[in-house]
Amino acid sequence: MTEEKRITLSKKDRKSVFMRHQFLQGSWNYERMQNGGWCYSMIPAIKKLYQTKEDRAAALSRHMEFYNTHPYVSSPVMGVTLALEEDRANGADVDDVAIQGVKVGMMGPLAGVGDPVFWFTLRPILGALGASFALSGNIIGPILFFVVWNLIRMGFEYWTQEYGYRVGNTIVKDASGGLLNKITQGASILGMFIIGSLVERWVSISFTPIISTVEQQEGSYINWDTLSSGANGIKEALEQYDQLGADGLNVMKTTTLQNNLDQLIPGLAALLLTLLCCKLLNKNVSPILIIIGLFVIGVIARVCGIM
């Protein structure tokens, strides 16, 4: 077909596809997973490229096949598919098998990139940043997380869709090389590092059994009887507390099992619990069972005075 008569997808058409693609998970199902959302996203392009009812129905049918990948890295697959459909509509030798083959060939490797980059790296970083503001009572925390997260996500999706559309099916050659594996490995390492640094902050375990109770020496605790009366006494107590810390509040110093563990390795129990949960997940134990198990163990340990 000549360039004058060639049917092309305008930027407006591709933007319509992009907006619909935000609802990729909208009709997720156990049989073909994201196929409904994918087909819904393709409708503006199909209407533009094919004029007869039969051609449009055939296009919709081939895009109802199985499809599943990380929703945020699905955009380059969409871009390549748009380019293939455009070529097919203009007479190129692109059949249903080729289009489905490109989709299946790309969705697997890209799914491996999406989790470490978005779920294990970007989202925890932005979540921790927003939570730090929220914990101090600043409303900017949740707003910052929501706005920045969606700006990065939608910007990435739009750019990769346009990139996929420009390069067409040649992107498959890039995806089959070693670059994708290196990106996945690097993102996984960075993501695990971020998650590991957040374990001690977000996982809280405190063992309450008392190991020892000893009387502190004079001067190691606040002697309430010797403090001045009124505001001066409050000032003196605060000054002594600043020097002695929480141990200065009582004459008797109590050492718990958690104190000894913190002296050995701070956050050790939280780390071990996290690793145990990861091991159970790797053995295909249901996350629901793990949550219920942790809840039951926590309640029993609390009643028995262990935690």
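Q: In which helix of the chain is confidence lowest, and in which is it highest?
A: Start there, since this is a predicted model. Where pLDDT is low, the predicted coordinates should not be read in detail. In this chain the lowest confidence falls in helix α7 (residues 171–175), with a mean of 50, while helix α1 (residues 11–21) has the highest, at 94. Over the chain, pLDDT averages 79, and 76% of the residues score at least 70.

Q: How many helices and strands does the chain have, and in what order do the elements run?
A: Count twelve helices and two strands. Reading from the N terminus, the order is α-α-α-α-α-α-α-α-β-α-β-α-α-α.

Q: Now the rings. How many aromatic pairs does a search of the whole structure find?
A: A pair of aromatic rings is described by the distance of the centres and the angle of the planes. Here the search turns up eleven pairs. Take Y72 and F118: their ring centres are 5.2 Å apart and the planes meet at 75°, so this pair is edge-to-face, the cut-off being over 60 degrees.

Q: Where do Y72 and F118 lie in the chain, and are they buried or exposed?
A: Y72 is in the loop between α3 (53–62) and α4 (75–89), and F118 is in helix α5 (residues 96–135), so the pair ties together parts 46 residues apart in sequence. Both Y72 and F118 are buried.

Q: What kind of pair do F118 and F156 form?
A: Edge-to-face again, with 5.3 Å from centre to centre and 65° between the planes of F118 and F156. This pair also links distant parts of the chain: F118 sits in helix α5 and F156 in helix α6 (residues 140–167), 38 residues apart.

Q: Why does F118 count as buried, and why does F156 count as partly exposed?
A: Check the accessibilities. F118 has a relative accessibility of 3%, so it falls under the 20% cut-off for buried. F156 comes out at 32%, so it is partly exposed.

Q: Which residues form one aromatic cluster?
A: Y72, F118, W119, F145, W149 and F156 make up one cluster.

Q: What sits over the face of W149?
A: That would be R123, at 5.0 Å from the ring centre of W149. Elsewhere, the charged end of R20 sits over the ring of Y40, 4.2 Å from the centre of that ring.

Q: How should I read R62: where does it lie, and what is it in contact with?
A: R62 lies in helix α3. With a relative accessibility of 8%, R62 counts as buried. Set aside the neighbours within four places in sequence, and R62 is in contact with Y50, E85, R88, D96, I99, Q100 and K103.

Q: How many disulfides does the count come to?
A: A disulfide is a covalent bond between the sulfur atoms of two cysteines. In this model the count is zero. As for individual cysteines, C39 is buried at 7% relative accessibility, whereas C304 is exposed, with a relative accessible area of 54%.

Terms used:
Residues are numbered from 1 along each chain as its sequence is written. This is a predicted model: local features need pLDDT of at least 70, side-chain atom pairs count only at pLDDT 80 or more; totals for chains, interfaces and linings use all residues. Side-chain values use heavy atoms; hydrogens and water are left out. Rings of Phe, Tyr and Trp (its six-membered ring) pair if their centres lie within 6.5 Å; planes under 30 degrees apart count as stacked, over 60 as edge-to-face and the rest as tilted. Helices (H or I, at least four residues) and strands (E, at least two) are DSSP runs, numbered from the N terminus. Buried means under 20% relative accessible area, exposed over 50%, partly exposed in between (1.4 Å probe, protein chains only). A charge sits over a ring if NZ of Lys or CZ of Arg is within 6 Å of the ring centre and within 35 degrees of the ring normal. A disulfide is a pair of cysteine sulfur atoms within 2.5 Å. pLDDT is the predictor's confidence in each residue, from 0 to 100. Contact means heavy atoms within 4.5 Å.
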